[in-house]
Amino acid sequence: MNKKKGIIIGVVVFILAVAVGYALFSDTLTINGTATAKGEFELTYLCEKDETGTTGNVQGECDVSGNTITTTSTLSKPDESVIYRVTVTNTGSIPAVLKTVTSPNNKDVSSPTLEDGDSAYIDTTTMLAAHYFVCDDEGFGECNYGVGDSAIESANIVIEPGKSKYIAVTHGWIDSSQFSMEQPTIPAEGAKINYNLTFGFEQKTN
């Protein structure tokens, strides 16, 4: 795993440490695109497991069905993590702007380092966690749009025709012993995590 991916995972673990009091569940990652004006509005989606960003023996799947992307991981022990790269490409003729993000399995988190808003997912019964970033490059070196849904929605992220944005979705298993917490029982078959996000794209109007 290269240095940039290590930084992403490190930031995620810190954020999730702040959010350890919260737990919610969900199933899918969905990305939606809509348009109302003349011209061709079309977005294509590709999701793949980033093998270089995976630590430990993580089994993971990232499936695409239309504009719905589902990420599911099975981790075998604490401290393991996996990154999925979601590539959103504007294959139409109209610039697309990201207007809304819905993450029903996230929880409002407030801290000196986080904006108010949906910022992190954690299941405190298993210590499984997830987070995401929107990036300008497929290597996740330029992810400067802020943390959490509120920051992403206000960032005015635009995908011009023929261009792409990259969403880094990270699943991880927190080692609760690092935070003086009792480690939950580790099931023999590992622990499964699913993560849900909905991105609403619209045509750019100005």
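A residue counts as buried when its relative accessible area is under 20%, and by that criterion 49% of the 206 residues in this protein are buried. Begin with the whole chain in view, bearing in mind that this is a predicted model, and note that its accessible surface comes to about 9,500 Å², of which 48% belongs to carbon and sulfur atoms.

Next, show the secondary structure, which comes to two helices and 13 strands. Of the contacts with a separation of 6 or more, 77% are between residues 24 or more positions apart.

Now colour the chain by pLDDT, whose mean over the protein is 75, with 69% of the residues at 70 or more. Select helix α1, residues 3-18, where confidence is lowest at a mean of 48, and then strand β10, residues 158-159, where it is highest at 96. Two stretches deserve a careful eye: over residues 11-29 pLDDT stays under 50, although the model has 68 contacts there beyond four places in sequence, and over residues 108-116 it also stays under 50, with 20 such contacts. Where pLDDT is low, the predicted coordinates should not be read in detail.

Move on to strand β3, residues 59-65, together with strand β4, residues 68-75, which pair in the antiparallel sense over seven bridges; within this pair, valine 64 stands opposite isoleucine 69 of β4.

Conventions:
Residues are numbered from 1 along each chain as its sequence is written. This is a predicted model: local features need pLDDT of at least 70, side-chain atom pairs count only at pLDDT 80 or more; totals for chains, interfaces and linings use all residues. Side-chain values use heavy atoms; hydrogens and water are left out. pLDDT is the predictor's confidence in each residue, from 0 to 100. Helices (H or I, at least four residues) and strands (E, at least two) are DSSP runs, numbered from the N terminus. Contact means heavy atoms within 4.5 Å. Buried means under 20% relative accessible area, exposed over 50%, partly exposed in between (1.4 Å probe, protein chains only). Accessible areas come from the Shrake-Rupley method with a 1.4 Å probe; for residues, only the protein chains shown count as cover. Two strands pair if DSSP finds at least two bridges between them.
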